[in-house]
Amino acid sequence: MIELRQIHKSYRVDGRDVPALHPLDLSIGAGEVFGIIGHSGAGKSTLLRLLNGLETPSGGSLTVDGVALAGLDADGLRTLRRRVGMIFQHFNLLSARTVAGNVAFPLELAGTPAAELRSRVAELLATVGLEAHADKYPAQLSGGQKQRVGIARALATRPKILLCDEATSALDPQTTAAVLDLLSTINRELGLTIVLITHEMDVIRRVCDRVAVLDAGHLVEEGPVTRVFLHPRHATTRRFVAEAEHVDEELLRGGVQGTGDVLRLTFLGDDTYAPVLGRVARETGVDYSILAGRIDRIRDTPYGQLTVALTGGDVDAARRTFEAAGVHVEVLR
Ligand SMILES: Nc1ncnc2c1ncn2[C@@H]1O[C@H](COP(=O)(O)OP(=O)(O)OP(=O)(O)O)[C@@H](O)[C@H]1O
Ligand SMILES: [Mg+2]
């Protein structure tokens, strides 16, 4: 659906070209939820704006749904933007229009006949659960409701791609979860390709299939979220994951007294629920203190991550037994 080849972007600042994105390659498949994570200034919004032609690359090639963006005239760009919807951190709603009026806006621009427009707006408001709020104004809505209006408006012209620029950053954790669930449902039911940018690993974990990590304009890591989240390779990725996991690294690396090896055990998929700890203890004589642990989901895949200090017994045998049971073992100390 989206192909970037050696795309780069510099901005002209005080007569100099300052790079915001260094040459990068990226492919995003149809129907994927693709996340881009990075700190402030990493180039996330720049990358997103390249995808709907709001920004032109300084070099490289970019195709969206089989169309090369470089060759597009004004008409072509308008057509492209109808195929690519976008939602924003601060919602960007029209305050003088009602909820229904906001959702109708792109349809009016596209010249949709009145009767069709009315039924389409009703359908969109039902999709995002706002049927009861059609005649309210944005100022009368909560943040989560405003973002639902933003989503309905973005879906109005039946786009194939939805771009989300920090769409949940202004929302509390519960509202964030509800909006992310809605995006996930839309992805599943409409087959929409979603590209979302965020600075929170938890957002990536909840909805994305794959993720790319941007660091100062460089793409430093990319892969399935199950791999990147559970086994991050780049230092920047590791910091994002540590923030999401609230792991006390100091405790893990040296602060525990009177214990031996410290292992991080990762269970993925159905193995998450396997009763393997007791068996390893019985068979190898090791004992555990649990230092940190979590069972959760990466999109729809369950996972467990347990950090344990081992005492006594045969640690090597314990490790081998874990691995034979499909558990990933990482020695932290
Ligand atoms: N229109 C512009 N003119 C000049 N420089 C720009 C422009 N837009 C962005 N930049 C610069 O490009 C770099 C990347 O900016 P970008 O907005 O893509 O980052 P971001 O990852 O979205 O950050 P944030 O998380 O704060 O939104 C920054 O150094 C920024 O100052
Ligand atoms: Mg940004």
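The legends below describe close-up views of a predicted model.

Local features require pLDDT of at least 70 and side-chain atom pairs count only at pLDDT 80 or more, whereas totals for chains, interfaces and linings use all residues. Residues are numbered from 1 along each chain as its sequence is written, chains are lettered from A and ligands numbered from 1 in the order in which they are written, and side-chain values use heavy atoms, with hydrogens and water left out.

**View 1. The open sheet of six strands.** The strand order is β6-β7-β8-β3-β9-β10, with mixed pairing. Strands (E, at least two residues) and helices (H or I, at least four) are DSSP runs numbered from the N terminus; two strands pair if DSSP finds at least two bridges between them. At the edges stand β6 (84-88) and β10 (218-224), each pairing on one side only. From one strand to the next, the twist averages 15°.

**View 2. Pairing of β7 with β8.** Strands β7 (residues 161-165) and β8 (residues 193-198) pair in the parallel sense over five bridges. Isoleucine 161 is placed opposite threonine 193 of β8.

**View 3. Helices on the sheet.** Helix α1 (residues 44-51) packs on the sheet and touches β3 (33-38), β6, β7, β8 and β9 (210-215), contact meaning heavy atoms within 4.5 Å. The direction of α1 makes about 155° with that of β8; axes are lines fitted to C-alpha atoms, for helices over the stretch in contact, and angles run from 0 to 180 degrees between N-to-C directions. Helix α9 (residues 235-245) lies across β3, β9 and β10, at about 115° to β9.

View 4. Threonine 198 belongs to strand β8. Threonine 198 counts as buried because its relative accessibility is 2% (buried: under 20% relative accessible area, 1.4 Å probe, protein chains only). Leaving aside residues up to four places away in sequence, threonine 198 touches Ile36, Ile37, Gly38, Lys44, Glu166, Val203 and Ile204.

Note on methods:
Buried means under 20% relative accessible area, exposed over 50%, partly exposed in between (1.4 Å probe, protein chains only).
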